[in-house]
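Biologist: Could you walk me through this model and tell me what stands behind each label you use?

Modeller: Gladly; let us bring it up first.

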Amino acid sequence: MKRFLLPIGFFAVLIPLFVVGLGKDPRALPSTYIDKPAPQFDLPQLRDPSQRVSNQSFGGQTVLVNFWATWCGGCRQEHGFLLQLRKNNVIPIYGINWRDDRTKAIAWLEQLEDPYVVSGFDGGNHTGIDWGVYAAPETFLVDGSGTIIYKFLGPINAHIWQQEFEPRIAAANEAAL
Amino acid sequence: MKKIFVLFASLMIPMLGSAIDTGQAFDDPALQARYEKIIEEVRCLKCQNQTIKDSNAFLAGDLRREIRRMLTEGKTDAEIFDFLVVRYGEFALYRPRMSGKTLVLWLAPVFLLLIGGIVIVRILRERMSLPLDDQQEPEQS
């Protein structure tokens, strides 16, 4: 009986590891910037290229920075929820129009309504690379000190919002008081 | 026979079109060699089982562009890998560097080999201690 203990013990350790590991999305990489200052960016605005948007635009508030594009299906999916956040004044959302076509992006906002305070235009994927973005939509939660406290990959919905964002925003606002 | 030859020859045509990286080569062959070595070591984060040399995802193209830029600016290989690791993590490198976080990756194979070795040695020892003749019991007929 004793001789089976080792393999069975090994198996017992391995199985929970597999269960946890297989349940994860292998494509969802953690951001390397969690608890670090958001990388500096300074982009022309989407609608008015003569105006800029940068980290300074956040004005010391807790904000969302949402990388989106018209070619991105997940962005279309979460658009309605982002609009809802805007309408209820939940949190300011800054958009980064990522690797997109300016005309198409403006038309998309005209047609579907604009949830963003303002969108920057990153057609050349410079800010995207600096922020470690590799798939859209990606949404960063940046606190009042300009630190990235969370990143979510994929479309946000009400459930994810309650689970992942609300507690972190509450904690950030509490810490800021 | 000729038809078969033509068939095989035409099946090989797609292989000619495999060049993904359409950027212009560096004038300096040493720089070009470094560039080609680096892009073989970097994972395309969008299509995670490909290097950025093999991938035609736009992200791979953009990363190749950044690597070209850094090479022309005279950055060292280490600086270029740092640039990627800061943004995307060790996962971006096909050969992650040894550090506290990646130690498990580097040591696990040695560890597993060791366990396997111990198991084999133990099994062999056990068998060696058995009598050679396995027909000890008189056969019953």
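Biologist: Why does A:Thr139 count as buried?

Modeller: Buried means under 20% relative accessible area, exposed over 50%, and partly exposed in between, taken with a 1.4 Å probe on protein chains only. A:Thr139 has 0% relative accessibility, so A:Thr139 counts as buried. Before we go on, please keep in mind that this is a predicted model, where local features need pLDDT of at least 70, side-chain atom pairs count only at pLDDT 80 or more, and totals for chains, interfaces and linings use all residues. Residues are numbered from 1 along each chain as its sequence is written, chains are lettered from A and ligands numbered from 1 in the order in which they are written, and side-chain values use heavy atoms, with hydrogens and water left out.

Biologist: Which residues does A:Thr139 touch, not counting residues up to four places away in sequence?

Modeller: Among them are A:Leu64, A:Tyr150, A:Phe152 and A:Phe165, where contact means heavy atoms within 4.5 Å. A:Thr139 itself is found in strand β7 of chain A, residues 138–142. Helices (H or I, at least four residues) and strands (E, at least two) are DSSP runs, numbered from the N terminus.

Biologist: What makes the side chains of A:Thr139 and A:Asn66 a polar contact?

Modeller: A polar contact is a pair of N or O atoms within 3.5 Å; within protein, one must be able to donate a hydrogen and the other to accept it, and residues adjacent in sequence count only if both atoms are side-chain atoms. The two side chains make theirs at 2.9 Å.

Biologist: Why is A:Asp35 called exposed?

Modeller: A:Asp35 has 60% relative accessibility, so A:Asp35 counts as exposed. A:Asp35 sits in the loop between α1 and β1 of chain A, and its phi is positive, near 65 degrees, in a residue other than glycine. A:Asn89 likewise counts as exposed, because its relative accessibility is 71%. A:Asn89 is not a glycine either, yet has a positive phi of about 55 degrees.

Biologist: How many residues are in contact between chain A and chain B?

Modeller: On the chain A side 18 residues meet 16 residues of chain B. The area buried between the two chains is about 1500 Å², with 58% given by carbon and sulfur atoms. Buried area is the accessible area (1.4 Å probe) that two parts lose on being put together, summed over both. In chain A, A:Leu29, A:Ile129 and A:Tyr134 lose the most area to chain B.

Biologist: What separates a cavity from a pocket?

Modeller: On a 1 Å grid over the protein atoms alone, a cavity is a set of points where a 1.4 Å probe fits but cannot get out, and a pocket is an open set with protein on both sides within 12 Å along at least five of seven lines; lining residues have an atom within 4 Å of a point. The whole structure has one cavity of 30 Å³ or more. The largest cavity has a volume of about 50 Å³, and residues of both chains line it, including A:Leu29, A:Tyr134, B:Arg87 and B:Tyr88.

Biologist: And how much space lies in the largest pocket?

Modeller: About 700 Å³. The largest pocket is lined by 23 residues, with A:Leu29, A:Pro30, B:Gly89, B:Glu90 and B:Phe91 nearest its centre. The largest share of that lining, three residues, comes from α6(B).

Methods: Points joined across faces, edges and corners; volume = space filled by probe spheres on them.
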